[in-house]
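What follows is a walk through one protein model, taken a few residues at a time. Keep the structure open beside the text.

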Amino acid sequence: MFYNNKILNFDNFLILSYNFNYCDKIEKIFICFIFSGAIGNWIDRFLHGFVIDFIHLHYGDLHWYVFNIADIFVSMGIFLTFIFQMFTMTMLLMWKKKIN
């Protein structure tokens, strides 16, 4: 099951890399964030059998998630891609209203 899931993810990687040529430069940077984080977690899983999470945020008895740098890259890439898509969509809608 582990390997079948990884093959499916590799297929998604190939599809995204094919569409990579049609992205803006800033979108390419955000997608590289996502891929580099995913590859970092994949290397951990391949070498150790699990992902090593070492950043533990807490305040007193309030504990937050434990994560690593690769998780930060994936999260930031997804968040920035979402914000960029929303911004470009808003600009496109404003431009269409201005033309009409």
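Start at N41, which touches V51, N68, A70 and D71 once residues up to four places away in sequence are set aside. This is a predicted model, and the contacts described here are computed from it. N41 sits in helix α2. Is N41 buried or exposed? Its relative accessibility is 16%, so N41 counts as buried, the cut-off for that class being under 20% relative accessible area. One of its neighbours, N68, also meets N41 through side chains, in a polar contact of 3.2 Å.

Helix α2 holds two further residues worth a stop. G37 lies in this helix. With a relative accessible area of 0%, G37 is buried. How far apart in space are G37 and S75, C-alpha to C-alpha? The two are 38 residues apart in sequence, and the distance between their C-alpha atoms is 8.7 Å.

E27 is likewise placed in helix α2. Here a charged side chain is buried and has no salt bridge. Which side chain of opposite charge is nearest to E27? That side chain is K28, 9.0 Å away. What E27 does have is a polar contact of 2.2 Å with the side chain of Q85. Leaving out neighbours within four places in sequence, the contacts of E27 are F84 and Q85.

Next come the strands. Strand β1 covers residues 55–59 and strand β2 residues 62–67; they pair in the antiparallel sense over four bridges. Which residue stands opposite Y59 in β2? It is L62. H58 has H63 in β2 as its bridge partner. Two residues lie between the strands of this hairpin, where G60 takes a positive phi near 65 degrees. In a regular strand, side chains alternate between the two faces of the sheet.

Now the whole chain. The secondary structure comes to three helices and two strands, and from the N terminus on the elements run α-α-β-β-α. Of the 100 residues of the protein, 13% count as buried; N41 is one of the buried residues, and G37 is another. Among contacts between residues at least 6 apart in sequence, 45% join residues at least 24 apart.

Last, the confidence of the prediction. The mean pLDDT of the protein is 78, and 76% of its residues reach 70 or more. Which element has the highest mean pLDDT? Among the elements, helix α2, residues 25–48, has the highest, at 88, while helix α1, residues 2–19, has the lowest, at 53. Over residues 1–8 pLDDT stays under 50, and the model has three contacts beyond four places in sequence for that stretch. The residues discussed first, N41, G37 and E27, belong to helix α2, the element with the highest mean pLDDT.

Notes: Residues are numbered from 1 along each chain as its sequence is written. This is a predicted model: local features need pLDDT of at least 70, side-chain atom pairs count only at pLDDT 80 or more; totals for chains, interfaces and linings use all residues. Side-chain values use heavy atoms; hydrogens and water are left out. pLDDT is the predictor's confidence in each residue, from 0 to 100. Contact means heavy atoms within 4.5 Å. Two strands pair if DSSP finds at least two bridges between them. Buried means under 20% relative accessible area, exposed over 50%, partly exposed in between (1.4 Å probe, protein chains only). Lys and Arg count as positive and Asp and Glu as negative; His and the chain ends are not counted. A salt bridge is a side-chain nitrogen of Lys or Arg within 4 Å of a carboxyl oxygen of Asp or Glu. A polar contact is a pair of N or O atoms within 3.5 Å; within protein, one must be able to donate a hydrogen and the other to accept it, and residues adjacent in sequence count only if both atoms are side-chain atoms.
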